[in-house]
Amino acid sequence: MILRFFTAIAAACLAIIPAHANDAAASRRALQADVLEEINFARQHPQEYAERLREYRDMFDGRVLFLPGDDNGVYTNEGVDAVDEAIAFLERQSPLPALSQGEVLMLAAHDHAEAQGEAGATGHVSRNGAGPGDRVRRRGGDIFVGESIYYGVDRAEHVVRNLIIDDGVPSRGHRAQLFTPDYRFAGVGCAEHRRFQHICVVDLAATENGAPEISAWAKARGAQLFRVPDLPGKLASVAAE
């Protein structure tokens, strides 16, 4: 009887843990899909996205941002100046094609999000010294990728808005990544973060796996990419005669 009692408890625990894990994984996948969708809206409709930022601008009092329901506010580095600069950028920006999801890019992005989130770390370099291209290569792709990272609440609109405004980043490098015309694929990986609630990593590339893009002229002549065995990391393309 005691054995049956403990067996029943163990079975109940096994039933609970996977359900919780499944819910967390489903929530993460939904966030990742929503982030990519929000990025694509901004790329395809930059002027409409600028209108959203105009509404967002009204939530500032100087450098303090008061989101709905937050009476305490959040101090920003630049306040409305960064928002105005982003609006001006979007007004000049031509629409770009939507980014397709790259599975290899997504896996590499999630690897970094999980590792940085668990460690409470920040930045593009992993604890083992790997950069974005290294992580994509370990997933079977190659090194020709760009990367943007967000820390904060787990809502797609917050993720993309912060990357586009790029408050406190003089180069506006995160925004530049999202609006790079040559990029056609992206992978988003999100996870909980020990210090900053959540992290979302966006890896972008011209090809679905971060390999160099072969020109249309070369493709028409049967060009293929191959790795030179004696020169790790070096790629070459050959056009068939």
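User: Are Tyr-56 and Phe-60 buried or exposed?

Analyst: The model is a predicted one, and its burial classes rest on relative accessible area, with under 20% counted as buried. For Tyr-56 and Phe-60, both residues fall in one class, and that class is buried.

User: How many aromatic pairs does the count come to?

Analyst: Rings of Phe, Tyr and Trp count as a pair if their centres lie within 6.5 Å. By this rule, the number of aromatic pairs is three.

User: What kind of aromatic pair do the rings of Tyr-56 and Phe-60 form?

Analyst: A pair of aromatic rings is described by the distance of the centres and the angle of the planes. The ring centres of Tyr-56 and Phe-60 are 5.4 Å apart, and the planes stand at 90 degrees. An angle over 60 degrees is the condition for one class, so the pair of Tyr-56 and Phe-60 is edge-to-face.

User: How many residues apart in sequence are the parts that the pair of Phe-89 and Phe-179 ties together?

Analyst: Phe-89 and Phe-179 form an edge-to-face aromatic pair, with 5.3 Å from centre to centre and 70 degrees between the planes. Phe-89 belongs to helix α3, whereas Phe-179 lies in the loop between α7 and β6, so the pair ties together parts of the chain that are apart in sequence by 90 residues.

User: Which helix holds both Arg-54 and Glu-51?

Analyst: Side chains of opposite charge can pair when their charged atoms come close. Arg-54 forms a salt bridge with Glu-51, and the closest N and O atoms are 2.7 Å apart. The two residues are three residues apart, about one turn of the helix, and both lie in helix α2.

User: How many residues apart are Asp-84 and Arg-57?

Analyst: The side chains of Asp-84 and Arg-57 meet in a salt bridge at 2.6 Å, N to O. This pair links distant parts of the chain, with Asp-84 in helix α3 and Arg-57 in helix α2, and the separation is 27 residues.

User: Which residues are linked with Arg-172 in a network of salt bridges?

Analyst: Arg-172 forms a salt bridge with Glu-78, with the closest N and O atoms 2.9 Å apart. The pair links distant parts of the chain, 94 residues apart. Arg-172 is buried at 12%, whereas Glu-78 is partly exposed at 25%. In the network, Arg-172 is linked with Glu-78, Glu-85 and Arg-175.

User: How many salt bridges does the structure hold?

Analyst: The pairs already described include that of Arg-54 with Glu-51 and that of Asp-84 with Arg-57. For the structure, the number of salt bridges is 12.

User: How many of the nine residues of strand β6 are buried?

Analyst: Strand β6 covers residues 185–193 and is mostly covered. Of its nine residues, the number buried is seven.

User: Which residue in β7 stands opposite Val-188?

Analyst: Strands of a sheet pair through backbone hydrogen bonds, either parallel or antiparallel. Strands β6 and β7 run antiparallel and are joined by nine bridges. They form a hairpin with three residues between them. In β7, the residue opposite Val-188 is Val-202.

User: Which residue in β6 is the bridge partner of Ser-100?

Analyst: Strand β4 pairs with β6 in the parallel sense over two bridges. In β6, the bridge partner of Ser-100 is Phe-185.

User: Which elements give two or more residues to the lining of the largest cavity?

Analyst: The largest cavity has a volume of about 30 Å³. Its lining residues include Gln-32, Ala-33, Ala-186 and Val-188. The elements that give two or more residues to this lining are α1 and β6.

User: Which strands stand at the edges of the open sheet of three strands?

Analyst: The sheet has the order β1-β2-β3, with antiparallel pairing. Each edge strand has a single partner strand, so one side is left without a neighbour in the sheet; these strands are β1 and β3.

Technical notes
Residues numbered from 1 in each chain as written. Predicted model: local features only at pLDDT ≥ 70, side-chain atom pairs only at ≥ 80, totals over all residues. Heavy atoms only, no water. Buried < 20%, exposed > 50% of the residue type's maximum accessible area, 1.4 Å probe, protein only. Helix = DSSP H or I, 4+ residues; strand = E, 2+ residues; numbered from the N terminus. Pairing = 2+ DSSP bridges. Salt bridge = Lys/Arg side-chain N within 4 Å of Asp/Glu carboxyl O. 1 Å grid on protein atoms, 1.4 Å probe; cavity = no way out; pocket = protein on both sides within 12 Å on 5 of 7 lines; lining within 4 Å. Points joined across faces, edges and corners; volume = space filled by probe spheres on them. Phe/Tyr/Trp six-rings, centres within 6.5 Å; stacked < 30°, edge-to-face > 60°.
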